[in-house]
Amino acid sequence: MNENPLPSVIPDKEWKKIQRMLSKRSLWMIHFCTGCGAMEMPPVMTSRYDMERFGIIPMATPRQADLMLVTGYVATKTLKRIVRVYEQMQDPKYVIAFGSCPINGGIYWDSYNIIKRLDKYIPVDLYIAGCMPRPEAVMDAFLKLMKDIDEGKANGWMRYRKYYDQYKRNQMRIFKRWDE
Amino acid sequence: MDALTLFGIFILLPLVGALLSYFGRKYAPIIALIFVAITGIFLYVWYGNFGSYTVDIGVKLNLTFDITTWFFMLMINTVIFSSLLFAVSADLKNAGGFSTLMLLGFTGANGVLLSRDFLSLYLFWELMSWSVYVLILRTSGEYARRYLLFGVLSAYFIIMGIGIIYYYTGSFLYEDALSGVIPYYAWAWILVFLILGFGVKMAIIPLHVWAPYAYSSEQPFVSFLSGGLSKLGTFGIYMSMYSIAGVGILDSFGTFRGVSLLGYPFALLGAITAFVGTILAIFQDDIRKLLAYSSIGQLGYVMVGLGLGTSLALGGALFHAFNHAFFKSLLFLGAGAVIYRTGKYKISEMGGLGYRMPFTFLFVLFAIFGLAGIPLTSGFISKWMLYEAAIEKKFVIIAPLMLIASVGAFLYSYRILYGIFLGGLKEEHKKVKEAPAPMLAAMFILMLPLLIFSIVPGWILGWINDVLTNTGLKPIDYTQFTYYSSIGGANMATFWIAFMVLFFVAVAIFIMKRARVVNQYDNYFAGEAPSSVALHAAHNYYKPLKDTWAPMLKYSVDRAYEKFSKFFVDGFYEIKKIYTGNPQDYAAYLGIAFLIFLIIGWWLL
Amino acid sequence: MIVDWLIQAGLVALYLFLAVVIGLLFMGIARKVTARVQNRVGPPVYQNFLDVGKLLAKKTNIKHNWIFDFAPLFALAGVLLALAYLPMGGYKMLSGEGDLILLLYIMAIPALGFALGAGASANPNAGVGVMRALMLMLSYEMPFLLVLLALMIFYNTASLSTLLEKQMSFAWGIVALPISALAADLALQGMMMEKPFDIPIAPHEIASGPLVEFGGKYLGMLMLYSAGSIVLETTLFVDLFLGGGVVLNPAHYGIIAYVVNYLVWFVFIFIVWMIAVLINAVFPRFRIEQAFKFYWKWPTVIAILGLIQAYIMSVFMGVVP
Amino acid sequence: MIRPVLLIAFPLFFAFLSPIIGLWSKKWVRYLIIFATALNATLAGLLLLEVFQHPVFDIIGGFQPPLGIVLMVGPLGAIIAFIINLVAFIISIYNLKVEKEPIVRYSMLYLLLVMGSTGMVLTGDLFNLFVFLEVTSIASYSLAAYNKDKKGFLGAMKYVIIGSIGSTFVLLGITLIYSELRTLNMLDIAARIGTMDPYVKIIAFTSLFLGFGVEAEMFPLNTWVPDVYDGAPNPISAAFASLPAKAGIFALARVIFTMFSFTNFLWFVVIMGLLTVFFGELIAYTQKNLKRMLAYSSIGQMGMIIMGLGIGTTLAVEGAFYQMIAHALGKALLFIAAGFLIYAAKSDKIEDMKGMARNPLVGIPLLIGALSIMGMPPFAGFYGKFFILMGGFSEGYYAIIALFLAASIVEVAYYARFIKIVFEKGNRVIRPDAATYIPLILLAILIVLIGVYPKPILAVLQHVSAFITGGA
């Protein structure tokens, strides 16, 4: 998935604009705590940074969530769960990948069961670099994502829908079986 | 119409049907159905054609056909009709015997309702009682035995009541009982015996222990037993308290805020029954037992109404009995359809069948609405009447028990819905088909009155009003769509219009977006694969509640009876020792007996 | 005649709309207040309007089967229906057409529809959640029904509109029956499923329970339902014990009375809601057995005391409101 | 014009014919008793029709009533005689199943039993009554031991001891009466009873009461019953329950009502009846052996009849007689069914009979019989029980009736237990042969007929009971 096949900006319609405005102001998130990154979430949620200011609240199930956080390295076994959860989220949905591990494997770059690039398997809208990213970086990422949504640039979910087969093929290269 | 026509249509015709359908083999339920339909048609035709008759079969059977009889017969006729319709496709073993016994029970029920003297009442009561016994025997001898013991207990209570009346009047006729020769303290005994006797059929606590077992038999029969025959208990109590004794005699025992002191304990007993039955129903995993306890609980409500005895309460009791006849039969038939298709009784072993059997689900859902008293069915109105009757008299023990029991009803209702029809569909049930058409038709017939009388309660309240005035009570306050108590009232027309409008508002918001249907396994299990997760959470569903109630649940009326009977049986073994088997002892008995006889003879001289 | 009906219907529609709006606003206020209690900034008070808008505007919506649709339809229709039977700010709505018991049972319609939809999803969490919700219902209904009974036998009416009139002419419920009011407020906490009684939707234990499979417009409509039910429950308390906020008799003051009463009613439900929210902000969660034992112990005892008080006053002392 | 004496003469004739036929063919002896009892039943039926017009007196030997022997047949006696003979006929069909030799003696004794019982019912003479009682008893003793096993001998031995003591008492009573009144004709005695010395009267009454009480299975004179019923061959158990017992209780009724009119003694009879019911039913509950259970149940039923007689109102006596008929039919049916069950299960323990009655040819009659015994409508047992109860109530015997009902619940309990076992899903279903199911079905049909349309019998009984109790 080297080139971005979709227009980077979703064409503007008035209705879409309102929808995007609503989406951006009410990001319900599900955080998939794969690794150490989860430790950075409590400060973000609590009174120091308080992400609820922006309408971002943690949700218990992907059905209700708009935003998925993948907070750390992704083992092949975990990936299957991530994909399932991602597919259970409802469009429009956004993914933020935490730290260097989902970008390039990070310190696990030569591990046999850690995937190197999350973007090959599910579309990631935003990466936060760092090992680990500080809460400030997380807050920044949220704001960046909100901006992207507003501008119609965060369209990973459309990408996933359009290139579903390719994504699936990539995923199935990792998984031997889907149903276990 | 003369005596023989009435007797012929309502008693002899079902008897003939019983005889014929025994040889009907597979088609026996259809034959029985035809006979029931004929009596049903006559019931319809003869509405308003009321009168009293006498038939002589060696003993004089005095019959009366009036609005009370008609009202109850309507219930029983519809219920047995749909039960038999259900049985047509239920592939019962020995369907001939089944239909015969059903019709015998039906005959007995008709006879009880028609009778105007105690002899025929008792005769038909026993006929009904043993045919039910044999029907239960088809499933389990032990259950049948439990039923029969209580059936006979009920009959003997009734006979004690009848006997005391007979001592004073020397006649079996109802109207002779009212001639004033019976002193009021005797009435207390009579009424207590009669109420207890009929109360057994209504499964009033502590006489309820037969019910969970009896109701575990074949569903088409149980639907008739619970829906139809248990109403005879209602009828019997209604008749003995308000028709035979009458309000004047009831009030002669003193009144507690306008309610007879004789009726009040039974109302309290009814409220306790409602509460206990409901609580026990919550913990059942066997669908048949659950419905049985629910039936006990619901009839407790009826008992409250009968005990309170105001017009509103009695109207509520009659209406609730009517509703119960329909929704409980419907529930039993629905359970029967599910059991017929899956062969399972345990709620936790089913699940997800609502997607495979949508019509059954809808019918059962409607029955549940009736059971829980959701205002979309007439089940609400009868409960409303009973509550208001208790509240307007300021009964602060009866009313909360009834109210909390109805909250408990939500719990077990949802257990039925979730455990059977919702939740995960099991792999082995993937191929389950919708119930056969006759079953669905049977359920549909039972559903209709619940809906219709919810929209237009005035129709049925009219009949109930006729029943009450025929018994000599004050009429209830109602119009076509509304009904009132002294403290409130409700308008079903407004309710339905408002509900419809608001439902369409909700639908309008709802259909703005399309929804995609996903596989039932596409659920959120924290990303886990569905095959590794138990989808159906119905096993031991109310465990936390059960844990909290555990100290209470260890007391069981059932076990108390067992202890009681064991005590007596041990005594029997002691008595048995008199028959030593030694002829010398026996000869000695003879001598002693002769002496005793002689002494008593001399003494008497 | 028909014009009267239409005006009536329009007014009812307006009140219902306002009720849902107030409900959403209250949810936002609650979030803000909770945030302030927890020393956070919190979202803007209009946040929940955005949330509902977002949910209704979601691109995809999934359902598991047709029974799943029962939830939003019955929940929203039922809660609106229940609201319609509740006098708000002295305006009787439909409460002359049905009484407290009818209202009590109408309140079961949305719950039952919601439970049906939740159960249809084949998610065990939903089943467990509904089980907890029903158990909680059995718990808090015990004191609540006793309270209702105390009111009904004391004011000798089951009709809410009559109850309001009698409270206006005699004394407010909270003055006449303070013990019952306390029990009712305790029950209200469970009825609104606020902490410590948010057991059924416990997000950390059972992934928000019955709501686990709802998303998109389903969740949006359920949010509208819960907004409506906040107003429903608080108004129920206000109608039962605070005279429905009726301070001016509409018979004398006409339209001004309605406006003033509406405002007073709003203040009252706000206060009732704030009590619940503040308790919610600082408490952890009960287990369901604990909730059951709690409700059948203290609030029930208090409610029985209240019932005894009402009984003595009404039957032995002959107080007739 | 049927002479009642034929009812006695024919069985006697055939009884002594059977050895002669037995020389020629053993098989035909069996059919001979069927023929003989059928003939007797027909005669009794014809007699019954005739008696409806007018009472029949059959004077034997040409001596006039106060002196000679007379058979005095009223409608009641005719009905009882008819039922006895009918049941005897039906049981004789079942007799075909009896395998044990010598069949000739068996047939002879059976016919003597029938003859004796019929005679006890028909006779109008006290000494004749005693003679027939002796005939019945002696036939019974032999039949009871007919199986030639330990149980049979023991039972017969007890029966002999108690029965002969009973007979002696009867004889004593008769002697006393004859010494005082110089007559043995019952009507004559009844007419002159007032002239009797009261103390002698009491002794005479007690003796007769006790003596017939043995046959009527009254407590505590019924100790022989379980052993004899258990030890006897199956058809004979059925016959015992239906023939001599009914004859005995009918004799008892005549002693109480026709001869001595002791109204102030009646409550004691009620209590004796209640005790009989109580001990019968309670002990029956403890029995594991089917025939013993039925025997005790039989005691209970007889107690009920005694109670009905003791209550002494028209309704109760009507009920008692009705119950006699119902019990004769019902118990015969149950004993025949028990015979089949024992044969099928090869054991007389109830628990071994799992599922043996699942064949409808046995099952339905068995059920009907049991329900009839329990007093369920529309079977024969209903009216008798109901009338006795109501009669009791009208006399104000509340407590006694309540106790009786309690015992009845026990009765229902053990019958239900028995039914539960025999209808359980068992090992195999055995089809009965014709000699078993034809009597069963015949009896069942009779029970249902009498129960559904009791008018003919009730009409007679009502009249008779009114007459009897009016006289008492």
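A residue is counted as buried if 20 or more other C-beta atoms lie within 10 Å of its own. By this criterion, buried residues make up 62% of the 605 residues in chain B. The structure described here is a predicted model, and the values below are computed from it.

Chain B contains 23 helices and seven strands. Along the principal axes, the C-alpha trace of chain B spans about 100 × 60 × 50 Å. Of the contacts in chain B with a separation of 6 or more, 78% are made by residues 24 or more positions apart. The domain assignment of chain B gives two entries: domain 1 consists of 258–511 together with 536–555, and domain 2 consists of 564–604. The C-alpha centres of domain 1 and domain 2 of chain B are 55 Å apart.

One residue of chain B was examined individually. B:N323 is part of helix α13 of chain B, which covers residues 311–342. B:N323 has 30 C-beta neighbours inside 10 Å and therefore counts as buried, the cut-off being 20 or more. When residues up to four places away in sequence are left out, B:N323 touches B:G370, B:S378, B:G379, B:S382 and B:L450. B:L353 lies 30 residues from B:N323 along the chain, and the C-alpha atoms of these two residues are separated by 26 Å.

Chain C has 14 helices and one strand. For its 321 residues, a compact globule would have a radius of gyration near 20 Å; the value for chain C is 20 Å, which agrees. The C-alpha atoms of chain C fill a box of roughly 60 × 50 × 40 Å along the principal axes. In chain C, 67% of the 321 residues count as buried. Residues 24 or more positions apart account for 79% of the contacts in chain C with a separation of 6 or more.

Within chain C, helix α9 comprises the 14 residues 178–191, and at 1.5 Å a residue it should span 20 Å. The end C-alpha atoms of α9(C) are 19 Å apart, in agreement with that expectation. Eleven of the 14 residues of α9(C) are buried, so this helix is largely enclosed by the rest of the structure. The buried residues are C:S180, C:A181, C:A183, C:A184, C:D185, C:L186, C:A187, C:L188, C:Q189, C:G190 and C:M191. Their cover includes α6 (124–155), α8 (173–176), α11 (216–241), α13 (255–282) and α14 (288–316) of chain C. After α9(C) comes C:M193, which has a positive phi, near 50°.

As to the arrangement of the chains, four pairs are in contact, and among these chains B and C share the most contacts. At this interface, 66 residues of chain C are in contact with 63 residues of chain B. On the side of chain C that touches chain B, at least two residues each come from β1 (62–63), α3 (70–84), α4 (100–106), α5 (108–119), α6, α11 and α14 of chain C. The largest contribution to that side is made by α6(C), with 16 residues. The helices α6, α11 and α14 of chain C are also among those that cover the buried residues of α9(C). Other pairs of chains do not meet. Chain A and chain D have no contact, and their closest C-alpha atoms lie 45 Å apart. Chain C and chain D likewise do not touch, with 39 Å between their nearest C-alpha atoms.

Chain A contains an open sheet of five strands in the order β2-β1-β3-β4-β5, with parallel pairing. The edge strands are β2 (57–58) and β5 (126–128) of chain A, each of which pairs on one side only. Strand β1 of chain A, residues 28–32, runs parallel to β2(A) and is joined to it by two bridges. One of the residues involved is A:M29, whose bridge partner in β2(A) is A:P58. Helix α5 of chain A, residues 135–151, packs on the sheet and touches β4 (94–98) and β5 of chain A. The direction of α5(A) makes about 165° with that of β5(A).

Terms used: Residues are numbered from 1 along each chain as its sequence is written. Chains are lettered from A and ligands numbered from 1 in the order in which they are written. This is a predicted model: local features need pLDDT of at least 70, side-chain atom pairs count only at pLDDT 80 or more; totals for chains, interfaces and linings use all residues. Domain bounds come from an automatic or database domain assignment. Two strands pair if DSSP finds at least two bridges between them. Helices (H or I, at least four residues) and strands (E, at least two) are DSSP runs, numbered from the N terminus. Two residues are in contact if their C-beta atoms, placed from the backbone, lie within 7 Å. Axes are lines fitted to C-alpha atoms, for helices over the stretch in contact, and angles run from 0 to 180 degrees between N-to-C directions. The expected span of a helix is 1.5 Å times one less than its number of residues. A residue is buried if 20 or more other C-beta atoms lie within 10 Å of its own, exposed if 12 or fewer, and partly exposed in between; C-beta atoms are placed from the backbone. The radius of gyration is taken over C-alpha atoms; the globule rule is 2.2 Å times the number of residues to the power 0.38.
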